[in-house]
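Here are some notes for a first look at this structure. Please keep the model open beside them as you read.

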Amino acid sequence: MHQQPKFSWWEKEGLNRWADFAVVGAGITGLSAAYFLKKRAPQARVLVLEKGGRPEGATVRSAGFACFGSASELLADVKSMGESEAFDLASRRYNGLTLLREIHGDLALEYEHCGGFEVFFKEEKEKADKVLQQLEKVNQQLKERGEFKQEVFSVLQRDEAEALGFKNIHLVVKNKFEGGLHPQKLWDSLLAKCLEIGVEYRSGVEVKQVESGRLVGLDFELPCEKILVANNAFAQAWLPEEVRAARAQVWVSEVLATPFPKGTFHHQEGYNYFRGHAGRLILGGGRHIAPEEESTFSTENSEQIRQYLLEELLPRLFRNNPPKMVESWAGTMGIGGSKKPRIGLWKPGVWTAIRMGGMGIALGTLAGKMGAELMIEH
Ligand SMILES: Cc1cc2nc3c(=O)[nH]c(=O)nc-3n(C[C@H](O)[C@H](O)[C@H](O)COP(=O)(O)OP(=O)(O)OC[C@H]3O[C@@H](n4cnc5c(N)ncnc54)[C@H](O)[C@@H]3O)c2cc1C
């Protein structure tokens, strides 16, 4: 394993010097928080500490779906958290996406407003019918929250659904407010925006202990007034009851003979997801078939999920031979008993913005903003 050299005097000087605000973790949430802190308090020293040489969390390993929940996922959320919380959370995700796009602009994010599509195959007719029966209610609930002037979900006509080219398709539900983006470009833009306004960023610095008034690592002790823990799943080490690791896995195909249909696609309450990118297919998910095995920080791909996605799901997406998958990766999401992120006070002077679940690309900007506001106002 690569061993990092010990800190120089100069590096330590910066890590042991008073900071007004310190943020643990440089994913979308931590960097967004730092951005809003520095905007609100331009004179303050805002420092972000990231354990990896490059960010090692979910943000740059995500699949780039700018989504806020397919109809069947929202209905599953209604069952687990109640109507009001489920739709409030969906509208929060949408607000997060809107804020993200406002800050960076679509070009910087390589954002494409292609629409999201939830797919039901013929053998899933029963599930599809249940969703159909409740679609009007879902639309109504979302509309009542004020962000959407039009119906969010609509059913594709038979010929439109057939034109997608999937095998044995029964129903496709469209969400016209979703799109896709490039996670690395998002992160690059966010870091650039932070640095531009004077946020300090230190990578390769792992925080071992979080105490009121100081952060402690192997070779430093940073005194600071206020701290935001924004390391998502990795906060499991400090708050095991609040957040735990869940692995998500993704595969990338060879260049396809014909372009994959435009859109971001969801299946099975959002557990499976796929989209075209640069002439290839990106396919991920499957965590629901092995929740215990996927409760891991491992970033290796597993044979069980590979078989499910590549041997069961993939052949259903292509009428002819499915493409060869040539690359894969995995990353760590932070999940918990509730799908709601944990944004709030942990102990005096220390707040958390963690547990972003499977939709942190949507939630992260807003979660960071909310964390920053709490720190400024208290
Ligand atoms: C494979 C995959 C696909 C996904 N696809 C999507 C998608 O398409 N759309 C979507 O909305 N969401 C998706 N997600 C979820 C989304 O990526 C996350 O919810 C989101 O990125 C979380 O951002 P974050 O900043 O809160 O945490 P992270 O991005 O995990 O960042 C936390 C950071 O903290 C650092 N850190 C950890 N511990 C310490 C420490 N002790 N000291 C210093 N630094 C530390 C980590 O190295 C990491 O960089 C996906 C996740 C995965 C894994």
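1. **Second largest pocket: elements.** Start with an open site. Both α1 (9-15) and β8 (200-203) contribute at least two residues to the lining of the second largest pocket. Bear in mind throughout that the model is predicted.

2. **Second largest pocket: size and residues.** The volume here is about 790 Å³. The lining of the second largest pocket comprises 22 residues. Nearest its centre are Q4, K51, G204, V205 and E206.

3. The ligand is surrounded by 40 residues. T29, E50, A58, T59 and F65 are the closest of them. By class, the shell holds 21 nonpolar, 14 polar and five charged residues.

4. In T59, a side-chain N or O atom sits 2.5 Å from an oxygen atom of the ligand. N231 places a polar side-chain atom 3.2 Å from a ligand nitrogen. I361 takes part through its backbone: one of its N or O atoms is 3.0 Å from an oxygen atom of the ligand.

5. **Cover.** How much of the ligand's accessible area does the protein cover? On its own, the ligand has 1000 Å² of accessible area, and the protein covers 98% of that.

6. **Elements around the ligand.** Five names to locate next. Two or more shell residues come from each of α2 (28-40), β2 (46-50), β12 (244-253), β16 (325-335) and α10 (360-377).

7. **Place among the domains.** Why does the ligand lie between domain 1 and domain 2? Because both domains give residues to the shell around the ligand.

8. **The cavity.** The structure has one cavity of 30 Å³ or more. The largest cavity has a volume of about 40 Å³.

9. **Lining of the cavity.** Which residues line the largest cavity? They are S70, G116, F117, E118, F153, V173, N175, E178 and H266. Four are polar, three nonpolar and two charged. β4 (116-121) and β6 (169-175) each give at least two residues to this lining. The largest share, three residues, belongs to β4.

Terms used:
Residues are numbered from 1 along each chain as its sequence is written. This is a predicted model: local features need pLDDT of at least 70, side-chain atom pairs count only at pLDDT 80 or more; totals for chains, interfaces and linings use all residues. Side-chain values use heavy atoms; hydrogens and water are left out. A residue is near a molecule or strand if one of its heavy atoms lies within 4 Å of it. A polar contact is a pair of N or O atoms within 3.5 Å; within protein, one must be able to donate a hydrogen and the other to accept it, and residues adjacent in sequence count only if both atoms are side-chain atoms. Accessible areas come from the Shrake-Rupley method with a 1.4 Å probe; for residues, only the protein chains shown count as cover. Helices (H or I, at least four residues) and strands (E, at least two) are DSSP runs, numbered from the N terminus. Ala, Val, Leu, Ile, Met, Phe, Trp, Tyr, Cys and Pro count as nonpolar, Asp, Glu, Lys and Arg as charged, and the others, Gly among them, as polar. Domain bounds come from an automatic or database domain assignment. On a 1 Å grid over the protein atoms alone, a cavity is a set of points where a 1.4 Å probe fits but cannot get out, and a pocket is an open set with protein on both sides within 12 Å along at least five of seven lines; lining residues have an atom within 4 Å of a point. Grid points are joined across faces, edges and corners, and a volume is the space filled by probe spheres set on the points.
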